[in-house]
Amino acid sequence: MTAPLEFRGVSVAYEGSDRPALSQVDLLVDEGEFVLVAGETGSGKSTLLRAACGLVPHFTGGTLAGRVVVAGRDTATHRPRDLADAIGYVGQNPAATFVADIVEDELAYTMENLGIAPDVMRRRVEETLDLLGIAELRDRPLATLSGGQQQRVAIAAVLTAAPRLLVLDEPTSALDPVAAEDVLSSLARLVHDVAMTIVVAEHRLERIVHLVDRVVLLDRSGRIETGPPAEVFRTATIGPPVVRLGRALGWDPLPLSVRDARRSAADLRTRLAAAAVPTHRAAGSAVASLRRVTFRYGGVTALDGVDIDIASGQIAAVMGRNGAGKSTLLHLLAGAIEARTGSVTVGGADPRRLSGRELIARVGLVPQDPGLLLYADRVDTECALADREGGLASGTTAEVLRELAPDLPADRHPRDLSEGQRLLLALAVVLAHRPPLVLLDEPTRGLDPHAKERLAAALGHLADDGAAVVLATHDVELAAALVDRVIVLADGDVITDGDARSVLCHSPTLAPQVARILAPLELLTVEDVAAALHEVG
Amino acid sequence: MSPPPTTGRTRSVHALAWWGWAVAIAFVALSSTNLVALAATAAAIALVLATCAVDSPTARAATVFLRFGLGIVAIRVALGVLLGSKPGGHVLVRLPSATLPGWAAGISVGGPVSVEVLVDALAQGAQLGVALVALGAVNALCSPYRLLRLVPAPLYELGVAATVAVSSAPNAVVALDRIRTARRLRGRPTRGPRALRHLALPMLEGALDRSVELAASMDVRGFGRTDTDESRRRRTHAAMALGIVAASIAVYGAAVPGPPRWIALVATAASAVSFATALRAGSTHTRRSRYRPERWDRRASVIALGAAAAIVGTVATAAWAPLATAPPVRPLGVPAVPWGWLVTLLGLYLPAVVASPVAVEADVAART
């Protein structure tokens, strides 16, 4: 029997790009393998996955050299639709790919196209609903599902066609930690119980490395390196905290899960027990406050009588499940929406009453999709536009951008930038007005570890200079590395609000990997551990 | 045995029944200027929506249609007041009047506004308004996706284009909200003509992006798989093209008085044969199956019969009592609706009786 997926000397180049997206890739995925594709943003992960199902080049254009063979069928002679029974592809944003309007119909859609007999369809729909634990959703309109549910329905919808191979592009990037866990454990179950072959691209390595058999690491030049995770991550520049801790301490074998690491860390815990717990930035003066704020949309209460004060010189993270009211909170502070009851004050004024120019001088919000903030067709005109909006000296925004991202090409269209570059451009546009309050909604979505580090450094400087920074995020590792205060929302209420270290260390869902390994010590990151080791000598 | 689910597929009525109901309402509304009858059909929409609507994104489109319908009534009334003044009648108010110069067809603007003119404009606006709202309401009762599934295989591509178009409208509304918020974040105005120009482009861009993404998703999920018999596919397309040409000739022949009658008849027959051939060939070369096809049940029959009764009643009334379907505006008064017609219009209320969740639960309880 042929392998589910084989790349033979595959190179992909897009028109107008100076370097290939993939270069001489040879890859053989065996039956029943669980493969992780990792690499920096823009390193060609999506291209690799889309080439596997034929969307590259049939749908996206570009030039593909070499051959991609899916279950014995060459994508050069088979269009994506001719591969639908062999490979199931789930894209980054499942909500945008739904065809039907009810869960059950969505599950049947691929089978209908394949002309599968009604009784077989019926059986497979039932089996798949059970396999992914979504039987209770069968009659629900797709638009009413939460992010995690949508992702599982999207997976179920391609599984019903009984493909030999499942390909997923960042299935958890938009999900809160618990929903992400649900989706990944569904995948692990498919691998173990049904021997499904799965190829998945993922940025948040900490969620997945311990589940996979093999890692395909892509570099900027489009070349790959492949091997078992413990081998690849020994030398890779990226890796989840557990791996970086293992590398820093020279543990062998390299731990991949918190469990492995915790068992090797008994000595470390006793050595570090005497080390002092690092301290956070101190809170400055009050910059903004919410008093008894309630906000509803449709019939849903997003925030219910919330009291929060934001202080200067600190970074706060707003965390909580999808739909807990995080974005609503930021949009209220930014004056983009109006509270139903209660009062919002930013810099002593109600942000809804401020004129445009007054508003952007007091508060700046980078939304979840930073592209929404950008209008111009070139990076430099975008910067000039931002200068004019705020009545700033010409070149101010460009200067801010140079500090954030020195190598951003000025003549590029913002749509052609990578996700991370676009975020930094939007951030520059916001920061140019020097607002004392900076808000970011899910800033690390789609960012690779290096881009994340650059962003964290920029935000750290901002807080050190006295600005108040608030981020809504699902990314516990980012929160661990960066923030001073954590506010947890659930169902529109503030559940926890306190010092980041104590909140993160004592939450079963929000604790970062290092805290789990070293509990009860209150250390959050590999850098914390290094500093503590240095201190105890 | 587990109890039947209380929502979704098990209780949904055949999509064609719903569309038949909506078309019947549109037909009644468009063929009568009787305000009492129009009010009766509007009430039917309101009652059925209140009892049978399902919650879905397309259901929210119904409110858009409702606003659109009200807007049309308002525009028609305003035009009637401005341009439609006639002397006589019960004058309410006298607007200053002016006659446009000859090159503007000498239309007179303003003048006395009488109750009669208002009633006339209201009736004509309501005709279009009610018809539109009926088409919006059907979106709330059964999603357009279900109608698409009933489209015969060769027309499937057309149906898909229609679905993508229909689904992109609510998405555009959502996108517009996000774009407006983002403009506020950059401190720019969110209303006014200049804002509109800057809103429209990103909105279209977003809608286009989504359509492309949807198309990619449909492709990887096997949409449009056909057998590889190229010649048969070409024959289907040729037959379709021929049918369209013949149909155009038929319409032209029927509409224009010049050419002899038989040309239209022959062209009609030719187009019917071509379409039938295309459909037949098409359904054999597209291998598609149906998961739980729509089922025509007793409720669907009742709704369809009610709709048919309303259409027949309206046609009959128009033939035998034209004063009832098109009542004269003068003298003023409540227009009469013959009993026979009123009874047939009640057919449009039947969905509320047979298809509401309450009725279905009672039915299920009675059978078990």
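Helices and strands here are DSSP runs numbered from the N terminus (helices H or I, at least four residues; strands E, at least two). The model is a predicted one, in which local features need pLDDT of at least 70 and side-chain atom pairs count only at pLDDT 80 or more, while totals for chains, interfaces and linings use all residues. Residues are numbered from 1 along each chain as its sequence is written, chains are lettered from A and ligands numbered from 1 in the order in which they are written, and side-chain values use heavy atoms, with hydrogens and water left out.

A:Pro57 belongs to helix H2 (residues 55–58) of chain A. A:Gln24, not a glycine, has a positive phi of about 50 degrees and is found in strand S2 (residues 22–29) of chain A. A:Ala71 likewise has a positive phi, near 50 degrees, and is placed in the loop between strand S4 (63–70) and strand S5 (73–74) of chain A. As a reminder, most residues other than glycine have a negative phi, and most peptide bonds are trans.

Turning to the sheets, six strands of chain A form an open sheet with mixed pairing, in the order S6-S7-S8-S3-S9-S10; strands count as paired if DSSP finds at least two bridges between them. Strand S6 (87–90) and strand S10 (224–227) of chain A each have a single partner strand, so one side of each is left without a neighbour in the sheet. On average, neighbouring strands of this sheet are turned by 15 degrees against each other, direction ignored. Angles run from 0 to 180 degrees between N-to-C directions, with axes fitted as lines to C-alpha atoms, for helices over the stretch in contact. Within the sheet, strand S7 (residues 165–169) and strand S8 (residues 197–201) of chain A run parallel and are joined by five bridges, and A:Asp169 has A:Ala201 in S8(A) as its bridge partner.

Helices pack on this sheet as well. Helix H1 (residues 45–52) of chain A lies across strand S3 (34–39), S6, S7, S8 and strand S9 (214–218) of chain A, at about 140 degrees to S3(A). H5(A) touches S6 and S7 of chain A, and its direction makes about 160 degrees with that of S6(A). Contact means heavy atoms within 4.5 Å.

Another open sheet of chain A has three strands in the order S12-S11-S14, with antiparallel pairing. Strand S12 (300–311) and strand S14 (341–346) of chain A are its edge strands, each pairing on one side only. Strand S11 (residues 286–297) of chain A is joined to S14(A) by five bridges, and A:Thr294 stands opposite A:Thr341 in S14(A). Helix H11 (residues 326–333) of chain A packs on the sheet, touching S11, S12 and S14 of chain A, with its direction at about 125 degrees to that of S11(A).

The two chains meet through 66 residues of chain A and 43 residues of chain B. About 4,900 Å² is buried between them, 50% of it from carbon and sulfur atoms; buried area is the accessible area (1.4 Å probe) that two parts lose on being put together, summed over both. On the chain A side, A:Arg81, A:Glu112 and A:Tyr375 lose the most area to chain B, together 15% of what that side buries.

Five salt bridges cross this interface, each being a side-chain nitrogen of Lys or Arg within 4 Å of a carboxyl oxygen of Asp or Glu. One salt bridge pairs B:Arg188 with A:Glu389, the closest N and O atoms being 2.3 Å apart. The side chains of B:Arg221 and A:Glu106 also meet in a salt bridge (2.5 Å, N to O). B:Arg221 lies in the loop between helix H7 (193–220) and helix H8 (230–255) of chain B and A:Glu106 in helix H3 of chain A, so this pair joins two chains. Over all chains, the count comes to 32 salt bridges.
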